[in-house]
Amino acid sequence: MTDKLETITGNRGLQLEQPLIFEQDAPGRLGVDLGEPQTSETHLGGVERKDAIGLPNLSEPQTVRHYTRISQKNYGIDSGFYPLGSCTMKHNPRLNEKMARLPGFASLHPMQPTSTTQGALELIDACAHWLKVTCNMPAVAMSPAAGAQGELCGMMAIKAAIEDRGEGEQRTRVLVPESAHGTNPATAAACGYSVDSIPANDRGRVDLDAFLSKLDDDVAGIMLTNPNTCGLFESDIIKIADAVHDAGAFFYCDGANLNAIMGRIRPGDLGIDCMHINLHKTFSTPHGGGGPGAGPVVLSEPLAPFAPLPFVVHGDDGFDLVEHKDGEGEKSFGRIKGFHGQMGMFIRALSFMMSHGSDGLRQASSDAVLNANYLLAELKDTLSPSFDGPCMHECLFDDSFLKDTGVTTLDFAKAMIDEGFHPMTMYFPLVVHGALLMEPTESESLETLDQYIHALKGLTAMAKSGNADHFLEAPRLTPRRRLDETAAARAPVLRWKKEE
Amino acid sequence: MSMKYSKEHEWVLIEGDSATVGITNYAQEQLGDVVFVEVPDAGKAVDKGDEVAVVESVKAASEIYAPISGEVSEGNATLEDAPATINSNAEGDGWIFKMSIGDASELDELMDAAAYADHVAGLE
Amino acid sequence: MRYLPLTDDDRAKMLSTIGAKKIEDLYSDVPAEALLDTPVDLPSHMGEIEVERAISAMAAKNLSTADAPSFLGAGAYRHHVPASVDALIQRGEFLTAYTPYQPEVSQGTLQYLFEFQTQVALLTGMEIANASMYDGATACAEAVMMAGRVVKRKKAILSGGLHPHYREATDCIAGYHGMTLDAAAPSPSGDEDLAAMIDGDTACVVVQNPDFFGNVRDLTPLADACHEAGALLIAVVTEVVSLGAITAPGDMGADIIAAEGQSIGNALNYGGPTVGLFAVRNKHLRQMPGRICGQTNDVDGKRGFVLTLSTREQHIRREKATSNICTNSGLCALAFTIHMTLLGEDGFKKLAAINHANAVTLKGKLENVDGVEVINDSFFNEFTLRLTKSAADVVEELAAMGILGGVPASRLYPGNGDVENLLIVAATELTTNSDMDALSMALSKILGGGQ
């Protein structure tokens with residue numbers, strides 16, 4: 001078989017082995033030509049660095065080749081279908097990159113006088129406007145750095161509002177469905193709340209009775225993802241919101257799945273009090289291998305006064321920034337990040353939203369939902385769907401179709417890699433056994449979906465025919481095969497060290 | 001000397017007024033390859049049900065709760081460098097901590113080997 | 001719509017496969033009153049040309065540091081980024097990949113994270129580093145919470161030379177988490193006695209070096225005082241280029257480093273996104289927040305990399321996680337790593353030397369201006385001026401003259417009369433002598449005429 005072919009170099013055609021930069025060091029090489037310092041006079045307070053740092057010296061061509069080669073060991077949305085549920089891996093338009101790199105934005109310093117940054121403040125305001133209208137919410141906090149920080153921001157606003165009405169000591173509990181993203185309970189705990197888990201019903205939604213029985217006057221809020229992590233719309237959401245408000249608590253909505261509903265359903269019409277928006281999911285700012293993200297939080301009227309610093313206001317002479325806890329910022333719960341938020345992401349998101357327009361955003365969410373339902377329809381007799389459709393923008397299966405095959409969800413996913421697809425999300429949400437969560441997004445063509453369906457049907461047939469080895473050995477065709485995570489965790493090697 | 005078990009899959013070896021605690025073989029199988037164990041320091045006073053130690057695999061972390069009230073007298077320091085001992089010998093060298101028995105009546109709430117075997121059978 | 005591949009024919013065919021008549025049928029779980037019949041009230045879609053025109057018009061309203069002599073610093077620095085950095089980070093395989101949870105198809109991301117962690121550890125003089133935080137300010141807050149977990153005490157002492165945004169973010173994030181902060185008054189001269197503030201409740205002392213006003217100091221005595229009291233020393237670095245010229249904080253005894261890495265590889269971007277650096281001692285590894293990449297082998301015995309020690313993190317540990325952080329600053333970390341690779345040992349030290357030399361030259365020019373006093377004895381590439389009038393007013397006058405003259409301390413310490421006339425100015429390798437002459441002439445004009 002071709003995958004057994006041994007080469008002299010270890011390279012395999014376009015798959016090129018690449019050592020660490022530290023292993024390519026040669027003293028005397030330079031990747032940047034700098035001039036000479038214009039004076040040798042120093043004022044370094046007597047702590048001049050005397051020792052070597054240990055950084056390697058490489059030339060520019062070596063550096064360019066190094067990072068080009070290692071990039072080729074990655075799968076990106078540019079490379080192919082990336083149905084990672086809950087992550088919304090959609091196309092990242094390069095126009096957005098171009099806009100973010102305009103020198104008028106990229107070379108703008110955050111502490112310039114606002115008289116010299118009116119265009120930047122206008123852009124933040126415009127991005128905020130699109131988000132508020134899309135969600136039908138009166139305010140938005142723009143500064144959170146990513147989704148998880150948006151959650152933190154939302155829960156801090158809730159805590160500040162509760163403390164403002166003198167119920168800080170009384171309300172100490174936050175309700176979180178068991179299907180929630182791990183960031184939800186982590187965030188509630190980071191705000192000093194105890195977390196109470198709400199079970200799901202057999203339809204994959206919040207068990208309304210169980211929820212109501214846990215709702216009391218010691219509850220600060222509920223953190224609910226909608227559409228939820230099973231890819232289902234919480235059909236009781238308005239009842240839940242009403243009950244939360246009747247109990248004097250607040251409704252935090254995790255907006256990770258906004259991509260299913262933008263332009264068709266406005267979260268503000270569902271009775272939520274705050275929701276973070278992952279600009280790097282719904283509004284296509286690139287995931288970048290793990291960030292940077294941006295997590296603006298839309299806020300209801302009661303929470304708006306507690307929004308974090310800074311925020312943009314319309315002043316007498318144009319736009320202004322409120323940076324301190326006075327005037328309009330008097331009730332703000334404070335600052336959660338340096339400077340003014342992820343400006344570079346606001347530009348990209350605005351570029352994406354303007355390109356789509358209100359009609360295109362509505363079409364995008366519809367196509368995302370259509371694509372997911374198409375996968376569900378085509379795969380429901382092959383794989384084992386966890387819940388009946390229709391689903392929203394992602395569809396969930398459990399591993400019962402693999403029963404007695406000797407193949408696990410993980411093995412199945414690894415075999416997908418050899419077929420040229422990025423695996424779906426595995427083992428999340430936790431509410432079904434061996435979960436396979438697929439989110440196709442609106443970026444995929446029917447042809448791609450059909451190829452994917454064809455591959456999954458073929459793999460399932462192979463698993464059921466008793467060919468478990470094919471899966472246990474997978475992936476075979478990747479730059480690296482399965483990696484020993486146990487060894488990595490038992491004796492961590494977290495940096496390169498010079499051999500003694 | 002007698003061996004008792006908790007619903008949380010801990011074993012408790014009772015020797016006089018001292019108890020040795022670890023996780024059962026069933027628990028280590030469920031957890032998979034153990035990569036790290038956080039053992040308690042001697043002198044830590046615990047109430048029954050308090051979190052005392054943590055056993056981690058690559059993808060899961062399992063809290064170990066005090067099966068009874070008392071004071072920790074020793075943590076198994078060898079697990080720091082050899083967490084895999086829990087996989088190879090969960091109910092022997094893979095013990096996690098020793099403690100005093102603060103309230104002997106709490107021992108009555110633990111299961112004997114037969115009851116624990118029934119408990120595990122009920123989970124499968 | 002150019003981003004949507006489905007045609008109307010495709011949609012009709014798919015609906016029929018699903019067994020639905022219209023797209024609305026797929027939204028049948030949504031309460032009817034919440035379903036919109038028409039798009040929301042925002043403009044319709046636009047072509048590239050129109051979007052480019054609209055956004056470029058906003059960019060054109062700004063006075064960028066690329067178009068004016070700039071002396072702005074205070075936690076964000078304009079440095080030259082080699083062209084290849086930006087070209088490489090825009091490779092689709094880096095740009096459009098998710099967090100490397102599937103290591104077999106993510107070795108590119110994982111390898112650069114391993115290189116990044118090593119670079120950060122080397123630069124800071126620490127044993128290990130994580131795969132990045134959002135920014136320096138949030139890294140500082142996380143460091144304080146981590147110290148709370150390690151030392152099992154609740155109080156943090158913050159230096160008066162700590163960047164006010166770092167203090168505020170720490171106050172907010174760590175404060176909500178239950179930590180209490182004891183923040184020293186702003187200390188432009190750098191002479192504060194933090195050791196005297198340490199007591200038995202102190203989990204950590206946070207000190208920035210070079211500090212917010214530019215002063216450089218030896219942290220060793222403070223580290224010793226912390227350790228004697230069983231507390232940790234957290235060293236904050238907002239200008240990472242300084243580490244090429246001054247002793248690494250790890251070598252001065254710091255236990256946790258929280259730093260801003262924007263200066264290397266990353267544009268100013270009006271303050272975000274940037275990249276937080278976080279480094280610790282090996283013994284505190286399990287309490288470190290954020291993602292960590294580790295080395296291992298694959299089933300064929302070849303070296304490879306994976307995310308590891310994930311049991312600290314929210315997706316496994318949920319409410320018991322060390323932090324709620326999930327997405328961090330991957331691509332900014334890549335830019336940092338590539339730029340640092342291009343610089344190398346020699347280039348990085350030279351870059352630092354040039355920055356310092358330019359600041360020394362700037363100081364020489366400015367201290368000859370009537371009405372300007374340089375208050376620092378020590379500095380790296382940034383120092384503080386005491387002017388004879390309000391620094392905020394002077395900055396506005398300079399801006400009107402087309403010069404971005406620095407950061408008035410009052411913008412970050414509102415209502416504090418002591419800092420009213422303090423102006424913080426920075427010079428980097430991009431600052432030319434003619435920029436410096438323009439600033440000194442303008443200051444001399446503004447200050448000479450006024451008093």
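The contact between chain C and chain A (heavy atoms within 4.5 Å) takes 196 residues from chain C and 204 residues from chain A. This is a predicted model, in which local features need pLDDT of at least 70 and side-chain atom pairs count only at pLDDT 80 or more, while totals for chains, interfaces and linings use all residues. Residues are numbered from 1 along each chain as its sequence is written, chains are lettered from A and ligands numbered from 1 in the order in which they are written, and side-chain values use heavy atoms, with hydrogens and water left out.

Between them, chain C and chain A bury about 17100 Å², with 62% of it on carbon and sulfur atoms; buried area is the accessible area (1.4 Å probe) that two parts lose on being put together, summed over both. Of the area that chain C buries against chain A, C:Tyr176, C:Tyr270 and C:Arg411 supply 6%, more than any other three residues.

The two chains are also joined by 13 salt bridges, each a side-chain nitrogen of Lys or Arg within 4 Å of a carboxyl oxygen of Asp or Glu. One of them links C:Glu24 with A:Arg264, whose closest N and O atoms are 3.2 Å apart. On the side of chain C that touches chain A, helix H10 (residues 330-366) gives the most, with 26 residues; helices are DSSP runs of H or I with at least four residues, and strands are runs of E with at least two, numbered from the N terminus.

Chain B also meets chain A: 8 residues of chain B are in contact with 4 residues of chain A. The area buried here is about 480 Å², of which carbon and sulfur atoms give 53%. B:Asp33, B:Val35 and B:Val58 supply 68% of the area that chain B buries against chain A, more than any other three residues. The count of salt bridges across this interface is 0.

Within chain B, an open sheet of 3 strands has the order E4-E6-E7, with antiparallel pairing; two strands pair if DSSP finds at least two bridges between them. Strand E4 (34-38) and strand E7 (61-65) of chain B stand at the edges, each with a single partner strand, so one side of each lacks a neighbour in the sheet. Strand E4 of chain B is joined to the antiparallel strand E6 (residues 51-57) of chain B by 4 bridges. B:Val37 has B:Val55 in strand E6 of chain B as its bridge partner.
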